[in-house]
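Subject: Structure for your files

Hello,

The structure is below, and my notes on it follow.

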Amino acid sequence: MKHVLTGFMLSTVLLQTPVNAAQWSGYVSGQYRGFFEDPADPRQHNNYLSAAAEPEFYHSWQGGDHSFNSILFYRVDQYDDNRTHGDIRELSWTGVFDAFEITAGISKVFWGVAETQHLVDIINQTDLVENVDGEDKLGQPMVKLSTAQDWGTVDFFVLPYFRERTFPGVEGRPRPEVVVNTDADAIYDFSAGQDHVDLALRYSHYIGEWEFGLSYFSGIDRLPSDFFPITFDPGGQPTAVVPVYSLINQAGIDGQVFFGDWTWKLEAINKEYRSGRRKGSHAFQSVVGFEYTWVGFTGGASDLGFVVEYHYSDANVRDTIFDNDFATALRFVLNDAQSTEVLMGFLTDADTRTAAGFIEASRRIGQNWVLEAELRTYNGTEQDRPLFSFRFDNFVQVDLAYHF
Amino acid sequence: MIRSTIAAFVVALLPFALIAETVEEKGLAIAVEADKRDEGFDDSTANMTMELRNKQGDTSTRYIRIKTLEVIGDGDKSMSIFDEPADVKGTAFLTFSHAIKPDEQWLYLPALKRVKRINSKNKSGPFMGSEFAYEDIASQEVEKYSYKYLRDETLNGIDCFVIERYPAYKHSGYTRQVGWINKAEYRPEKIVFYDRKNTLLKTLTYDGYQQFLDKFWRADQMNMENHQTGKSTTLTWSDYQFKTGLKDNDFNKNSLKRAK
């Protein structure tokens, strides 16, 4: 009787392979981008169509202790050859051994708490051509060791092979006035070049309502430290540049805390350049802000969130649009069956009168379709600021995706 | 969730104890006793289908897998993983419930691979657009309410105790809840919810109870009707398994990121 019972219990455990032991999923989508004004450069266009697909395959075994993950991505753009691009977003094995886990392969990692800028999130390179907001990332080859203990979680990364940032091409829009030539070789101002092996370490934990993380990265800065002109027009003005990549050490801190309906957030990084013309110099950047949620806005099921984030950087003004800026946004969440959400806001520079606005909305249609719309505006941008290139590039974007 | 709902809605069997107990003391003693009766399941897993219906009869469906870990001396740990709709597949919630201090809750967004700590104080909001609020889904620890025994009543031929409970949580969406508890098995058969203005808001009914491991009662179906909006949500549970060997390591941010 006891054996029968043991056998039953054992078989229950062994049969406890997750329902989704091997599964396909992903989406295919069509996108339209329309600009309200004629472009600064006649090689650009007013309307763009593109299509994308992102299939995903997952398999796990040994009750979920081992898993294989793969995500492939490809987009075809009507005009911009640079935007027609593919990537291996994920191709990795993860093994869990009690409180330890190892991931090897190409993967993605997200660090940080802020909404309008992700300062500490350094592991993955930005797939900038995919979306101007920089939220899309390229897959990163890595070996990651992680342990979750009572006193916190520690992640250690070995990151071989650097991914170069993607940029819009000549016919792409919006893009900076001076095109980044990604067909020409990028410049690495140190000997190891693209094969440099980067290292990163992160400690994170929570205590009650407080969440915090400390991170350290030593390797190639994902953000180009400079842009080097390679072609010029007859007047001597640069027409194309290549990115310059440098070695850095970056220490980061991020944290958030709840006080009632208020969430306070902080991210800060201190970057030390170890190569190139900036060698020895430091850059400090931070974002601090809050989100207040009015739960049950006007007595219904919806929530209204107010987001305010202040950005500071002591770096050269050309490097970043976020040097002394306020980002304010409203997040409207209907909490309906269609998961309807609208986020709208703007970024204002405290020193100039530059303002960039955005509205993002999304809604599920039926069981499998998702409709997303974006509106981005660039107003009153002053010359000599990075957003000046985008002054004619107010646009609307619509995505319709089928998820499976 | 269900075992903890039972916890709050059972009336003590003190038919012969002539203690001058107040109705409040009786209610609390019952909740403590019921909590004990659902103790010892160690961990459980189950599949849940959530069907949302609006006034016009349009439906949308979610498939969710739920894992629960019993924590001695504290509230349960639980993880909910979405399988459908396809665009939220892999989205997962991790909750560490507590009796008095606020629950800790994290949301995993698979597209960004981002773990977001969410404010568990927003508990009165709807869970994934359904008629169940976060506070309805959360582990119902005894200390989260104060209680009062009201009367005995027969509901659909079943002898029940009728209990009232008041959320201790000041941002709760409810002034009070009234529950009909099956006298024989100490299971909730029906719960009625009253909103912040003490107006009738929702009714939750339980159907298809089954007993597992000769002790733990779990309902096959739970139906929540919102009387003010005309919308409703039905939860259908299946594939309950207990004592599957889950541990603390299965309920942390690392395992949340691996949730599939």
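**Notes on the model**

In chain A, residues 24 or more positions apart account for 54% of the contacts with a separation of 6 or more; two residues are in contact if their C-beta atoms, placed from the backbone, lie within 7 Å. This is a predicted model, in which local features need pLDDT of at least 70 and side-chain atom pairs count only at pLDDT 80 or more, while totals for chains, interfaces and linings use all residues. Residues are numbered from 1 along each chain as its sequence is written, and chains are lettered from A and ligands numbered from 1 in the order in which they are written.

Chain A has 1 helix and 22 strands (DSSP runs numbered from the N terminus: helices are H or I, at least four residues; strands are E, at least two). Its radius of gyration is 23 Å, close to the 22 Å of the globule rule for 404 residues, so chain A is as compact as a globular protein of that length (radius over C-alpha atoms; rule 2.2 Å times the number of residues to the power 0.38). Of the 404 residues of chain A, 37% are buried (20 or more other C-beta atoms within 10 Å of the residue's own, with C-beta atoms placed from the backbone). One residue to look at is Ser313(A), in strand S17 (residues 303-313) of chain A. Ser313(A) counts as buried because it has 21 C-beta neighbours inside 10 Å. Its C-alpha lies 7.4 Å from that of Ala283(A), 30 residues away in sequence.

On confidence, the model scores ipTM 0.89 and pTM 0.89. Chain B has a mean pLDDT of 88, with 92% of its residues at 70 or more (pLDDT is the predictor's confidence in each residue, from 0 to 100). Where pLDDT is low, the predicted coordinates should not be read in detail.

At the interface, 30 residues of chain B are in contact with 42 residues of chain A. The largest share of the chain B side, 3 residues, comes from S2(B).

Also in chain B, strands S10 (residues 188-195) and S11 (residues 200-212) pair in the antiparallel sense over 5 bridges (pairing needs at least two DSSP bridges). They form a hairpin with 4 residues between them, and Asn198(B) in the turn has a positive phi of about 60°. S11(B) is also joined by 10 bridges to the antiparallel strand S12 (residues 216-226) of chain B.

Regards

Technical notes
A residue is buried if 20 or more other C-beta atoms lie within 10 Å of its own, exposed if 12 or fewer, and partly exposed in between; C-beta atoms are placed from the backbone.
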